[in-house]
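User: Please take a close look at one helix in this model. Then place it in its wider setting.

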Amino acid sequence: MMDRKLPKYKVEIDYDKCIKCGRCATNCTFGAIVYDREQNKPIVKDTSNCVACQRCVTFCPVGAISITPYPVVYPAHGTWTPYHIRAIDEQARTGRVLLAGTGCDRPYPCVFDYLVWDACQVTNPAIDALREPVETRTFLGRKKRTIKIKEIAEGCYDIEDLPPGVMLSTPLLIEHMSLGALSYNAITAMLMAVTEVGTLMGTGEGGLHPNHYKFKKNIIAEVASGRFGVSPDYLNVAAIEIKIGQGAKPGHGGQLPGEKVNKLISETRGIPIGTDALSPNPQHDIYSIEDLKTLIDALHEATEYRIPVGVKIAAVNNVAPIASGIVRAGADFITIDGFRGGTGAAPRVIRDNAGIPIEHAVASVDQHLTEEGIRHKITIVAGGTLRSSSDLIKIIALGADVGMIGTAALIAMGCRVCQQCPTGKCAWGIATTDPVLSQRLDVNWAAQRVANLLRAWTHDLEEVLGTMGIDAVESFVGNRDRLRYIGPNPHEAQILGVKHAGERIRLGGH
Amino acid sequence: MVKKIVIDACPRGVKLYHRELNKKIREAIRKGYDWIVLKNVSGQRFIGAGIKDKVTIEVFGDAGLDLGVFFEGERIIVHGSSEYLLGNTLNGGELIVYGDSWDITGMGARGGAIYVMGDGGSRVGIHMKEYKDRRPIIVYGGSVKQYCGEYMAGGIIVVLGLDFKDAIIDKSKPIDKDNIDPKKIKNKPDPIVQSDLAAGIHGGRIYIRGEVPNHLLGVYAVKDKVTKEDREILKSIINRFCELFNTPEELIWSKEFTKVIPFSSRPFGKHYSVTLI
């Protein structure tokens, strides 16, 4: 009795409107609404099970369902908030580590919200992006300071020894999300979308399903500590990424619980059905920058230097020198994942507290590499809560070449950010391995929605670049001078390398 | 009909960089050679990286780290020692080392077999995994150090505890089958493994020849009885080992094996809570 917890949400069915079709009960996977055979109508069985995923609300044909915050308040207290009380309650009950999905849900200030950007007025003309070309193509891979041009035949020229690179139609790609964390349909839909748009998607550490090899020109294969599904065929894709860390759980590996490892997952990852798929926290062959270089070289060798090899790290305190080491280890691109980035499952204490925001991380990495004279060598990919095209534009101005989205793509497919990913009960058929639930996601519909989102953000980017008078996104990378800071902390502006709004530029070198 | 080619890894006294050496190996494969002999190898890395073709690579000298990384070919034979990370993420084929091979051998291997005559370092067979008929095997003729089979998720590790030091007939020649005197192979004293054996194991099995005291076992590892089925598995593996390293089978069977298996396939199942809070 004492173990009973206070519900978070209250589900109500308005029986004046209800036509008793039972769709809400069929769609509820968490056991909040069930169909009562005796009364012949759907009933709210246990409102404490409701996670506000809105599946029932969306599928109710008459709008009879409402979900509200549970109308019992916790005693008002500024320190002992429900966030802490509920966690203590649960840990006191079980003695376990709390798992959580998606990204950090604490209301930390988001630095993106403190930044605004510049536009052309009088002294420099804006470009009309609807009629004039604004280039959004970007290359993922290592770059050279100088290139040599040789004549291969009379009048025909080629560039000598160009390092491997992948062309993206837009500086936006979809982050690593594995088959296992997400359903087969969700992964297929996103792969279809990136293929249509001409950008890339990461495989996560789940290997590559045989049916997904056809998308290989638009795939970044991840090599992480568990090495699931890594084979010579798996490496024959557009790019390879060594995962050292993830924004949502820096320093933590990953685990796919045994109950999620069904036949589909087992054949993709190459492990028996029902065993835990454990990715150790460190890569046991990488204890130093030299060891990292070994793995980068091994991957370059195994792929005959044809495709770029990148390294993904979480944004942590010393991210800038680490990034510098990665460039020197020979990586072709660096992916930095901010602390608000998403996950299928991570210990809540890590998700909510470890790492630093992506805005600070990218700005400091960009400035550090520039000071060391090696920024031009590498492509920086950054993500971890890009919520809108404005966040994408700001992160590029802070120093990233390419932005990446994860949760935003899931939201495009129907995700309501209810944070129940680790349970595997996703009512939208996204974060689940259950084949029945997975079927709920219409692949073509979802692919179209994700492709639309990628295109819309690209158009937003074109429009904004036009208003700033910039005709190619590559010349906007790291252009912090076009940003201004309007937040509460001038020191933060200094760290970001951004001037405060209204700050006058002193001319004449004084 | 085997088509054989010899590549000098140190032509005119200048050591080839690994990138050039691997390029030469791949060129030879493209030309249709299926037996590639590398002579004068001295620590070149990544030999045989990501090769899928059914070829045999024979290495004379000591191979550098990451030998046979992502390999899926037929066989790599080393007449000498190999540095650490032998068979990193091995997919298939056979890696045979007539010498020692140090740390993290067979990391994340998904198939294939690794036979090492001598000793190993720490974290041998870390995170190996198996699926259906793909079951990686690591056999060490000598002894290994700490964390053998850490995080192991499948496959088989066998440690035999034999001492080949006095059994090499002519030390000036590269070691191969004919250069081993079977009568002079000795047993090493127990235990032939060190602490934290199979820490975090959740699949697969480890066979250690001789006694393993309980305090050497890592978390989630337990000892189990060697059954008839285990003997069948061991028999085929030991058969191959004896064939490769000219070792009498009776010598190996003269001591009992200790089998180490996981306590559960879900060691951390009860560590986390996924309740809505």
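Analyst: Start with the buried residues of H1(B): B:His18, B:Leu21, B:Asn22, B:Ile25 and B:Ala28. Buried here requires 20 or more other C-beta atoms within 10 Å of the residue's own, exposed means 12 or fewer, and partly exposed lies in between, with C-beta atoms placed from the backbone. An α-helix has 3.6 residues a turn, so residues three or four places apart point the same way.

A note on the source: this is a predicted model, in which local features need pLDDT of at least 70, side-chain atom pairs count only at pLDDT 80 or more, and totals for chains, interfaces and linings use all residues. Residues are numbered from 1 along each chain as its sequence is written, while chains are lettered from A and ligands numbered from 1 in the order in which they are written.

The helix itself covers residues 18-30 of chain B, 13 residues in all. From first C-alpha to last, H1(B) reaches 18 Å, close to the expected 18 Å. The expected span is 1.5 Å times one less than the number of residues. Helices (H or I, at least four residues) and strands (E, at least two) are DSSP runs, numbered from the N terminus.

What do the buried residues of H1(B) pack against? Their partners come from both chains: helix H6 (289-302) of chain A, together with strands E1 (4-8), E2 (35-42) and E3 (56-62) of chain B. The opposite face, turned away from the buried side, carries the exposed residues B:Glu27 and B:Arg30. After the helix comes B:Gly32, with a positive phi near 100 degrees.

Contact means that the C-beta atoms of two residues, placed from the backbone, lie within 7 Å.

Within E14(B), B:Tyr272 is the bridge partner of A:Val97. E5(A) has a partner in chain A as well: 2 bridges join E5(A) to strand E19 (residues 346-347), running antiparallel. There A:Leu99 has A:Pro347 as its bridge partner.

Chain B has 3 helices and 14 strands. Buried residues make up 52% of its 277 residues. Its C-alpha atoms fill a box of roughly 65 × 55 × 30 Å along the principal axes. The radius of gyration of chain B is 19 Å, which agrees with the value near 19 Å for a compact globule of 277 residues. That radius is taken over C-alpha atoms, and the globule rule is 2.2 Å times the number of residues to the power 0.38. Of the contacts in chain B with a separation of 6 or more, 45% link residues 24 or more positions apart.

Chain A has 14 helices and 23 strands. Of its 510 residues, 51% count as buried. Its C-alpha trace spans about 85 × 55 × 45 Å along the principal axes.

Two backbone details in chain B deserve a check. B:Asp66 has a positive phi of about 60 degrees although it is not a glycine. B:Asp66 lies in the loop between E3 and strand E4 (75-79) of chain B. E3(B) is also one of the strands that the buried residues of H1(B) pack against. B:Asp66 is buried, with 30 other C-beta atoms within 10 Å. Elsewhere, a cis peptide bond joins B:Asp190 and B:Pro191, with omega about -10 degrees. B:Pro191 is in the loop between strand E10 (186-187) and strand E11 (203-209) of chain B.

Notes:
Two strands pair if DSSP finds at least two bridges between them.
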